[in-house]
Amino acid sequence: MPDSPDLLALLKQYFGFASFRPLQEEIIRDALAGKDVLALLPTGGGKSLCFQLPALARDGLTVVVSPLIALMKDQVDALTASGVPATFLNSSLKADESRARLRGLHNGEFRLLYAAPERLMLSGMLDDLQRWRVNQFAIDEAHCISEWGHDFRPEYRQIAQLRERFPQVPFMALTATATERVRADIATQLKLRDPARYVASFNRPNLTYRIHAKTGAYGQVLDFLRAHPRDSGIIYCQARKTAESLAEKLRADGIKAAPYHAEVAKEERSSNQEGFLRDEIRVICATIAFGMGINKPNVRFVIHYDLPKNIEGYYQETGRAGRDGLPSECILLFSAGDVQKYLGFITEKPPGEQVIAREQLSQMVHYAECSGCRRVELLAYFGETFGVPPSGGEATEPAEAGTTNCGACDNCLSPRATFDGTVAAQKFMSCVFRIRQAGSFGVGLNHIVEVLTGAQSERVLKWGHQKLTTYNIGHEHTRSEWAAIGRELIRLGYLRQTTDKFPVVELTNEGRAVLSARTKVTLTRPVAAPEKAVSHVGEIACDELLFEKLRRLRKELADARAVPSYIIFSDVALRQMARLYPQTEGEFSRISGVGASKLRDFGAQFLEEIAAHLRANPKQIFAADSFTQKPAALPPQRSKLTETVVATLHYWRGGRTVEEIARLRDVKPTTIYGHLADAVEAGEAIDLNSVLTADQQTRAAKAFYQFGWGNLTGVKESLPDIDYGPLRLFRAVKQRQ
């Protein structure tokens, strides 16, 4: 098995990176050792590299099971541009194309083969695989094999037969979205043998999450797009008709938009997708049929025009933004009307599915209306505490120091106002109590609102609820406001809502106590529409004129090769070029994403474009801040340290090294560095000279000024001899100063 320098050499040669992302090297080493692996890495977290690099480090063929034709073509195009011998087999190929690729496979010309599960299970294909010296099966989007997942595909169940046919070949299962239950089911269904398990944080720090009240949805979307004229993105709609009409309206208003859903003709769908990948179409208006496996790194925004059905789907769809690591926006337009519409749809489902669907919808509504940090809520759904590595005994990615303010969601950036809701809470809970007392049965949320607002509906009159003392006592709030108050009381635990076919609202013991003691209740104002379009998210500061020239050159080169622009170089790479002005091949090769193949194929053209620009324009000097806008303020200082951080500090003050403390506490050094960074943010003093030499500190400072304080990955790639832990601690100390 190659040692670390060889792996790093392959990484730079083919992919243009100087260091691995968290967990990648560990996964790759287990794969090369012949172990089964189950890896959960977020969208944009580098899952593909985990099986692509091992394929280059040894002889034989790696077979990648992939669910979508678009995903196969996209990945193979990118690999081919990087000099990696890869191919795919699927129904999109003509007979002569398939025969040519099969000949190449028989001759051992490829290291990677992408195919759908149903294609692999054909008897002739299984016989071919045995002749092609398969050294690994990589199951991408592995959550598709689990009925508990949000995107179950029955054809994925066939993959388990490969284990029987190839008992000695190791399996690697990869996914970006899976709860603990789904991960366990993946291991069972694929018959993984004592797999090495890796779970990265679900946190996507470059994404900003916002919820806006849905008030004139089309106008809200148009305002946003006009405020972000250069950005491309995806707008998710629940209905196909909505996607069609939205795209048509946007085109009429001068926005290059196209629809994507199951009823669009196959040729048009492919054309729209290809146009989006090549930056010829700026906005895709889509149902959930679009996006899985689409590796477009510069999607700058994802807008949910309608409420998603569940948090897993929402997380995966928002994850299609900002795969290149640059700041991106995720906006959800929320209305109570969408909730009622979905409740109606749920009643049409089989009885066994209704309870789950209602529970998922309830979780989604809670997320949309919560007043706390969106990131905390989102990660908690997947069993992760923000700032704390995932639990469960699995290998995990180092986490940032814990906090409850992410600085990148609407509730943290602009906390919603609160008000004394004691009277409103008393009225609502009293109404629930009186209705139950009068008829010995419960009713739903909407019926309670009808009683409070004096409605004369058929059910109110039929059950005599107009005679209750709580009838018509809620004039100070509208029906939608009362419904929002009721949902918040449920979130606060004063009420509970059943998951029956006709869910009813009941008082909890806590609610009874608050009602009888007249305890003060603080409520949060509901989400509102923004007063003006959201300001542009930050990007790596660079020479914008040069960046535009490089974008045009990239587009010309991509069109000549009939591939999307990002196959040539990512936006991150172009912005680095327009910031650092490389003028030699050596300087150009240090740009992130420039490997040997891309240096050979494209280096001369880009260097000439940069040189021509400098002949006509002076170099620009950029401040330390890596972003065009001032970053969000640091989270507020915490008044207390956790017990585990205090224990680490005790050892540190006693003269122990990070490595010694890690051994004493049976954790990884990265965890100890996280504790120390945590302590710094709380006001403790840490001497950097104990962990970094003077030279390393100088180079770290220069790298952070060059790449930006928010771009830890870029800094790490430029400093391969310094680990993530010391860099995190360095950043914490300097930001504190």
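Among contacts (heavy atoms within 4.5 Å) in the protein between residues at least 6 apart in sequence, 73% join residues at least 24 apart. This is a predicted model: local features need pLDDT of at least 70, side-chain atom pairs count only at pLDDT 80 or more, and totals for chains, interfaces and linings use all residues. Residues are numbered from 1 along each chain as its sequence is written, and side-chain values use heavy atoms, leaving out hydrogens and water.

Start with the whole protein. Colour by secondary structure: there are 33 helices and 18 strands. These are DSSP runs, numbered from the N terminus (helices H or I, at least four residues; strands E, at least two). Of the 737 residues, 56% count as buried. Buried means under 20% relative accessible area, with a 1.4 Å probe and protein chains only.

Next, select Asn272. Find it in helix 12, residues 266-277. Asn272 is buried, at 9% relative accessible area. Now show its partners. Beyond its neighbours within four places in sequence, Asn272 contacts Ala258, Pro259, Ile281 and Ile284.

Now select helix 19 (residues 445-452) and helix 21 (residues 479-491). Their axes lie 9 Å apart, at an angle of about 130°. Axes are lines fitted to C-alpha atoms over the stretch in contact, and angles run from 0 to 180 degrees between N-to-C directions. The two helices are therefore oblique to each other: angles under 35 degrees count as roughly parallel, over 145 as roughly antiparallel, 65 to 115 as roughly perpendicular and the rest as oblique.

Last, show side chains. Helix 19 brings Leu445, Val449, Glu450 and Leu452 to the contact. Helix 21 brings Arg479, Trp482, Ala483, Gly486 and Arg487.

Notes:
Buried < 20%, exposed > 50% of the residue type's maximum accessible area, 1.4 Å probe, protein only.
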